[in-house]
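Thanks for coming. I will go through one structure, starting with a term and then moving through cores, rings and helices.

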Amino acid sequence: MNLVWQRFTLSSLPLKEYLATSYVHRFLVGLLSSWRQTSVLIQWGDAIATALLSLVYALAPFASSTLVGLLLVACVAFWLLLTLSDEATPANVSSVTPIHLLILLYWGVAAVATALSPVKKAALNDLATLTLYLLLFALCARVLRSPRLRSWIIIVYLHVSLIVSVYGLRQWFFGATALATWVDPESPLSKTTRVYSYLGNPNLLAGYLLPAVIFSLVAIFAWQSWIKKALAVTMLIVNTACLILTFSRGGWIGLVVAILAVMALLVYWKSLEMPRFWRTWSLPIVLGGLIGVLVLAVIFVEPVRLRVFSIFADRQDSSNNFRRNVWDAVFEMIRDRPVFGIGPGHNSFNKVYPLYQRPRYTALSAYSILFEVTVETGFVGLACFLWLIIVTFNTAFLQVRRLRRLKSGEGFWLIGAIAILLGMLAHGTVDTVWYRPEVNTLWWLIVALIASYWTPLAQNQTNSSNLEPTIN
């Protein structure tokens, strides 16, 4: 059974051996390697790539989608230049992971969906956008292999998110005009300020801040000096407060899932150092305490209670009713094109959805990641997407176990990445802010962070056996 799981998750796939003998890989990688020896630009390649990525994550909350798109094009062009000029060394070969293969497979499914799309022109345009995001992952996975550069990118994002959160808190204290009807007009919370900071939408802001909350939490453990830990605590408080004040129900769901996950993983990480009693009971105590706090908040904090209860109001809540009507139309779209869908992207969706929509219920997306993936690329694309998620989590858990035995502080960022992905997926079950550049770039950053830790399974097992005597 273990062998079947290893094969399903590609854990035992001999990637290094295959790529070393792959004609296509040998032809493309290193095509410009002779130029690399004399080029000052390429010798500083990783530093320049880090600068480009820093611009993406520093400007994403403030810049237009067009500018972010141009930065993505620059990142992709530079990744291509780096790849063509690479030397075919074992280190470069081992940088390709099972996650890379599944992403390539998903892109292939999206390409087939584009070819079969009833709106090919729109789908082709969106396939190009999807390609930019997937190659952003490739560049991030390359850069984040360096612990120093990995730390730098995370620090850039955390400081930018702090600026975004501070402005969001300012809106809470001084008021902000709602740019749309974000709360049921008949709800007692209809006059409540929902902060949106620079992003223009509270749900989008919640999706953007979720990784910041978790990264700032694990930074308390990962950063060594007390000044840095104090900064991490400040970031945690400010980011969490701003996310809560978005009053985004999907954001709250994602936050709860992510916090429960990160606390469970932190307890697992520290369990090697715990006495027997705490090793057994620390997880139930921590999770029980967190759940107890949530229950007390629902009981005694009226705005929280009203927003939480509105989740279960079904069609009596206008937001729920809107999503239900959109989903009814989406189910019909999936029924008519179940195999490869209508083609990737919101342009394809906007062309086809009006043919199915209920009167007065216009929509730009399916309001659920899983529904969106299915309507765009069919059940084939959904199966590939779920396979990618499973392989990503499996890779992350294997590396957390390895780093835990090594007692490496780098494992805290990996713990944060697992919790963030779980939280973003939970939020994405009822919303599609995941497809906006501010959030989508973060998603692929987190997936790339996990890929950057990957080591072959045989090497994991060797490390484990070497460490076993010292653990006991």
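Buried here means under 20% relative accessible area, exposed means over 50%, and partly exposed is what falls in between, using a 1.4 Å probe and protein chains only. By that rule Trp387 is partly exposed, because its relative accessibility is 26%. Phe8 is also partly exposed, at 35%.

Some housekeeping. The model is predicted, so local features need pLDDT of at least 70 and side-chain atom pairs count only at pLDDT 80 or more, while totals for chains, interfaces and linings use all residues. Residues are numbered from 1 along each chain as its sequence is written, and side-chain values use heavy atoms, with hydrogens and water left out.

Back to those two rings. Rings of Phe, Tyr and Trp (for Trp, the six-membered ring) pair if their centres lie within 6.5 Å; planes under 30 degrees apart are stacked, over 60 edge-to-face, and the rest tilted. The whole structure has 24 aromatic pairs. Phe8 and Trp387 count as stacked because their ring centres are 5.8 Å apart and their planes lie at 20 degrees. Phe8 sits in helix H1 (residues 2-8) and Trp387 in helix H19, 379 residues apart. Helices are DSSP runs of H or I with at least four residues, numbered from the N terminus.

A second pair, Phe247 and Trp252, is tilted, with 5.7 Å between centres and 50 degrees between planes. Phe247 is buried at 7% relative accessibility, and Trp252 is buried at 13%.

Now the interior. A nonpolar core is a set of buried Ala, Val, Leu, Ile, Met, Phe, Trp, Tyr and Cys residues joined through side-chain atoms within 4.5 Å. The largest has 112 residues, and Phe137 and Trp444 are among those with the most contacts inside it. Helix H12 (residues 202-222) gives the most to this core, 14 residues. Apart from it lies another core of 19 residues, including Phe322 and Met333. Phe137 and Trp444 also belong to a cluster linked by ring pairs, together with Tyr106, Phe385, Trp434, Tyr435 and Trp443.

What does Trp444 touch, beyond residues up to four places away in sequence? The list is Ile103, Tyr133, Leu134, Phe137 and Leu388, where contact means heavy atoms within 4.5 Å.

Last, H19 again. Thr392 lies in this helix and is buried, at 2% relative accessibility. Leaving aside neighbours within four places in sequence, Thr392 is in contact with Ile99, Leu421, Val447 and Ile450.

Definitions and conventions: Helices (H or I, at least four residues) and strands (E, at least two) are DSSP runs, numbered from the N terminus.
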